[in-house]
Amino acid sequence: MINVAIMGHGVVGSGVAEILINHNARINERVNNEVNVKYILDLREFKGLSYSDKFIKDFNIILNDPEVKIVAEVMGGLEPAYDFVKALLLSGKSVVTSNKELVAAKGAELIKIAKEKNVNFLFEASVGGGIPVLRPLVQCLAANEVTEISGILNGTTNFILNKMIVDNMDFDAALKLAQDKGYAEKNPAADIEGHDACRKICILAALAFGKHVYPEQVETKGITDISLDDISAADSFGYVVKLIGHAKKNNNGKISAFVKPVLVSRECILSNVNGVFNAVMVTGDQTGEVVFYGKGAGKEATASAVVADIMDCVKHIDARKYLFWEDGDELYVEKDNSKSKFLVRIKSDDFSSLSDKFINIFGNDKDFIKNEFSKEISFITEEDLQENINKKLAAFENCEIKVLNILF
């Protein structure tokens with residue numbers, strides 16, 4: 001028998017408990033062992049459940065019980081999760097988690113401890129919820145050198161942008177709808193400001209490239225500045241706007257990474273990822289592009305991934321799965337300097353007098369879309385660096401134009 005403890009009985013934690021308890025026979029058969037939920041740690045009371053007798057409030061009971069071999073951390077946040085997980089690993093217990101904030105901030109340290117103690121620290125559910133992406137990245141694509149990862153990593157922002165694109169709903173209304181449906185938290189900052197997607201691209205980049213990437217190293221911009229005018233202008237040129245997390249390995253051995261709203265061509269598969277769905281596109285030197293697609297969040301999907309990690313730990317109870325990356329450093333991540341096309345939206349009361357200057361600076365093959373009512377002009381640039389686009393626009397600073405937005 002393998003005894004398991006669950007720390008946290010929120011949305012994901014309750015899902016983990018229900019799967020392990022209600023589908024125990026199936027799980028036991030698949031791991032060729034008996035899996036028993038011995039403790040569930042939570043400060044709240046949960047009466048009337050079939051497993052109410054398993055609840056405890058003291059973490060030390062789990063830490064000091066030698067019969068508990070595997071612990072699922074589904075509390076979220078850095079504290080006390082970090083202290084608890086570190087102590088558990090040091091005591092020789094394997095830990096699985098869905099906590100992307102923990103893995104993105106402390107992953108290298110915790111993986112190192114797990115290696116030294118010959119136990120497992122697994123976190124499939126921390127990226128993509130129920131989408132199996134981390135395990136395939138490490139195992140199925142092991143023969144590849146991964147060169148680039150790009151994807152829609154946050155279902156909440158994808159839902160909001162999709163409502164803006166399809167239903168012409170403004171940002172505030174789309175956010176409220178996401179909250180009403182339970183897709184967005186009461187405080188949605190982690191989603192709409194890009195922090196959630198940032199943590200996920202950090203984890204993906206660390207696994208793919210072998211070195212820890214810290215969230216503060218990743219250029220991060222959310223969707224709060226995206227307007228219906230941006231959506232409409234992008235559509236006019238054959239693009240949709242998506243919040244994309246991106247990381248790539250550069251020729252000098254360093255990587256560049258960002259999270260920001262990006263123009264996605266309607267010809268790209270990511271343009272058709274709608275609603276709360278996520279998609280991760282991995283480029284390998286042997287496979288080319290491989291896409292992982294599915295619901296990125298939700299009780300059942302995320303709990304399923306946590307339980308799968310628990311089952312993996314049971315199968316490897318006396319051995320360690322190879323999962324490791326080195327600690328990072330401040331010089332490992334550099335600014336992305338790849339060229340791109342940009343959508344530029346400006347406003348001018350007298351664009352006709354400036355059109356010759358625009359054509360001279362930006363090229364004579366530009367298709368300008370003008371809105372006479374709003375005095376707005378939008379166009380797509382040739383591939384260039386953003387700093388060059390900014391310099392070109394700076395030439396009009398004294399010409400009474402206002403730059404409304406720049407998307408790439």
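Helices here are DSSP runs of H or I with at least four residues, numbered from the N terminus. The model shown is predicted.

**View 1. The largest cavity and its lining.**
The structure holds two cavities of 30 Å³ or more. The largest cavity contains about 150 Å³ of space. Its lining is made up of 13 residues. Leu122, Leu134, Arg135, Lys321 and Leu323 are the ones nearest the centre of the largest cavity. Two helices, H6 (134–138) and H12 (299–315), each supply at least two residues of this lining. H6 gives the most, with three residues. Sorted by class, the lining has seven nonpolar residues, five charged and one polar.

**View 2. The second largest cavity.**
The second largest cavity holds about 30 Å³ of space. One part of its lining is the run Val119, Asn120, Phe121 and Leu122. Ile111, Arg320, Lys321 and Leu323 also line this cavity. Five of the lining residues are nonpolar, two are charged and one is polar.

**View 3. Helix H2 against helix H12.**
H2 covers residues 24–31 and packs on H12. Their axes lie 10 Å apart, at an angle of about 40°. H2 is therefore oblique to H12. The crossing of this pair is right-handed. From H2, the contact takes in Ile27, Arg30 and Val31. From H12, the partners are Val307, Met311, Val314 and Lys315. By class, this contact has five nonpolar and two charged residues, with no polar ones.

**View 4. Helix H5 against helix H10.**
The axes of H5 and H10 come within 9 Å. They cross at roughly 50°. H5 is therefore oblique to H10. Here the crossing is left-handed. On the H5 side, Lys100, Glu101, Val103 and Ala104 make the contact. On the H10 side, they meet Asp196, Arg199, Lys200, Cys202 and Ile203. The contact of H5 with H10 has five charged and four nonpolar residues, and no polar ones.

**View 5. The largest pocket.**
About 1100 Å³ of space lies in the largest pocket. A set of 37 residues lines this pocket. Val12, Lys100, Glu185, Ala297 and Gly298 lie nearest its centre. Helices H1 (11–22), H5 (100–116), H7 (155–167), H9 (189–192), H10 (195–209) and H12 each give two or more residues to the lining. By class, 16 lining residues are polar, twelve are nonpolar and nine are charged. Lys100 also belongs to the contact of H5 with H10.

**View 6. The second largest pocket.**
The second largest pocket has about 630 Å³ of space. It is lined by 23 residues. Closest to its centre are Glu148, Val262, Leu263, Ser340 and Phe408. Strands E7 (146–152), E9 (239–249), E10 (255–265) and E11 (277–284) each give two or more residues to this lining. E10 supplies the largest share, five residues. The lining of the second largest pocket counts ten nonpolar, seven charged and six polar residues.

Conventions:
Residues are numbered from 1 along each chain as its sequence is written. This is a predicted model: local features need pLDDT of at least 70, side-chain atom pairs count only at pLDDT 80 or more; totals for chains, interfaces and linings use all residues. Side-chain values use heavy atoms; hydrogens and water are left out. On a 1 Å grid over the protein atoms alone, a cavity is a set of points where a 1.4 Å probe fits but cannot get out, and a pocket is an open set with protein on both sides within 12 Å along at least five of seven lines; lining residues have an atom within 4 Å of a point. Grid points are joined across faces, edges and corners, and a volume is the space filled by probe spheres set on the points. Ala, Val, Leu, Ile, Met, Phe, Trp, Tyr, Cys and Pro count as nonpolar, Asp, Glu, Lys and Arg as charged, and the others, Gly among them, as polar. Axes are lines fitted to C-alpha atoms, for helices over the stretch in contact, and angles run from 0 to 180 degrees between N-to-C directions. Angles under 35 degrees count as roughly parallel, over 145 as roughly antiparallel, 65 to 115 as roughly perpendicular and the rest as oblique. A crossing is left-handed if the near helix is turned anticlockwise from the far one by less than a right angle, and right-handed if clockwise. Contact means heavy atoms within 4.5 Å.
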